[in-house]
Amino acid sequence: MLLTIDVGNTHTVLGLFDGEDVIEHWRLATDARRTADEIAVVLQGLLGQSPLLKGADVGGIAICSTVPSVLNEMREMCRRYYGDVTAVIVEPGVRTGVPVRMDNPKEVGSDRIVNALAAIDQYGGPCIIVDFGTATSFDAVSAKGEYVGAVTAPGIEISVDALAAAGAQLHKVELIRPRSVIAKNTVEALQAGIIYGFAGQVDGIVERMAAELAEDPEEVTVVATGGHAALVVGESRCIDVHEPWLTLIGLRLVYARNTA
């Protein structure tokens, strides 16, 4: 089985593949202070407690990370605790098959390249990937499978935290769909602003990106992923597909390309 690990700024998502299927998954808080030994204890605890994995062995590991300090500890964890297992870490020199057409390709996060690979493999191009994470990231991929550009906006969680911190009479609310757009109380007013505001942002940015990406914007497939995607998918006009495991699928593909 292949263990895939996507280390984001806020959360770390782990998925276990049996062939092409995700059979188990976990979401953890990303902690830059966690050592390789602590990561190994958490990982082995998760693998050991799952009833689906009794007797299952990890035969490979694929990792991408946007947090350098965590990536260093992940590398050490693989060396110390999984030394006999092939580990592929997405970094310069690793084959992804995705040409990066940016002014400075090194600026593009490994997770965004992995997402582009998965989207092209699963849905073809041209496509736009909307990743609802710490930031809301919009990635454009051409019909040829090239990563051609991006838009980055503040994420939902960051925006909610900033609003609660700056407003004396405002506070964090549960992120759920309110009863109506025109709210009758402060909680639902905040919920409406968050859910419908971000849906409108997504539709507006994607519409402009699609017009630049393809002669016929209707040909562009819009794929949503990330921890907060489910909040917005149902309210957006432009999202075609919701794939919560897009990054993990991309890691599986990168692993296959580099170990074949």
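**Sheet architecture and annotated binding-site residues**

Strand β7 (residues 135-141) is joined to β8 by 7 bridges, the two strands running antiparallel; strands (E, at least two residues) and helices (H or I, at least four) are DSSP runs numbered from the N terminus, and two strands pair if DSSP finds at least two bridges between them. The model is a predicted one, in which local features need pLDDT of at least 70 and side-chain atom pairs count only at pLDDT 80 or more, whereas totals for chains, interfaces and linings use all residues. Residues are numbered from 1 along each chain as its sequence is written, and side-chain values use heavy atoms, with hydrogens and water left out.

Within this pairing, Thr-136 stands opposite Ala-153 in β8. Both strands belong to an open sheet of 5 strands with mixed pairing, in the order β8-β7-β6-β9-β10, whose edge strands, β8 (147-154) and β10 (241-242), each pair on one side only. Helix α5 (residues 186-213) lies across β6 (127-132), β7, β8 and β9 (221-225), and runs at about 20° to β7, where axes are lines fitted to C-alpha atoms, for helices over the stretch in contact, and angles run from 0 to 180 degrees between N-to-C directions.

An unreviewed UniProt entry places the feature "binding site" at Gly-109, Ser-110, Asp-111, Arg-112 and Thr-186; such annotations may be inferred rather than shown by experiment. These residues are spread over 78 residues of sequence and also in space, up to 39.3 Å between C-alpha atoms. Gly-109, in the loop between β5 (86-89) and α3 (110-123), is partly exposed because its relative accessibility is 23%, the classes being buried (under 20% relative accessible area), exposed (over 50%) and partly exposed in between, with a 1.4 Å probe and protein chains only. Arg-112, in helix α3, is buried at 16%. Apart from neighbours within four places in sequence, Arg-112 is in contact (heavy atoms within 4.5 Å) with residues including Ser-137, Phe-138, Asp-139 and Tyr-147.

The same feature name is placed by UniProt (unreviewed entry) at Asp-6, Val-7, Gly-8, Asn-9, Thr-10, His-11, Thr-12, Val-13 and Thr-134. Although spread over 129 residues of sequence, these positions cluster in space, with a largest C-alpha distance of 13.3 Å. Asn-9 lies in the loop between β1 (2-7) and β2 (11-18) and, leaving aside neighbours within four places in sequence, contacts Thr-30, Thr-66, Val-67 and Thr-134. Thr-12, in strand β2, is buried, with a relative accessible area of 7%; leaving aside neighbours within four places in sequence, its contacts include Ile-5, Trp-26, Arg-27 and Thr-30.
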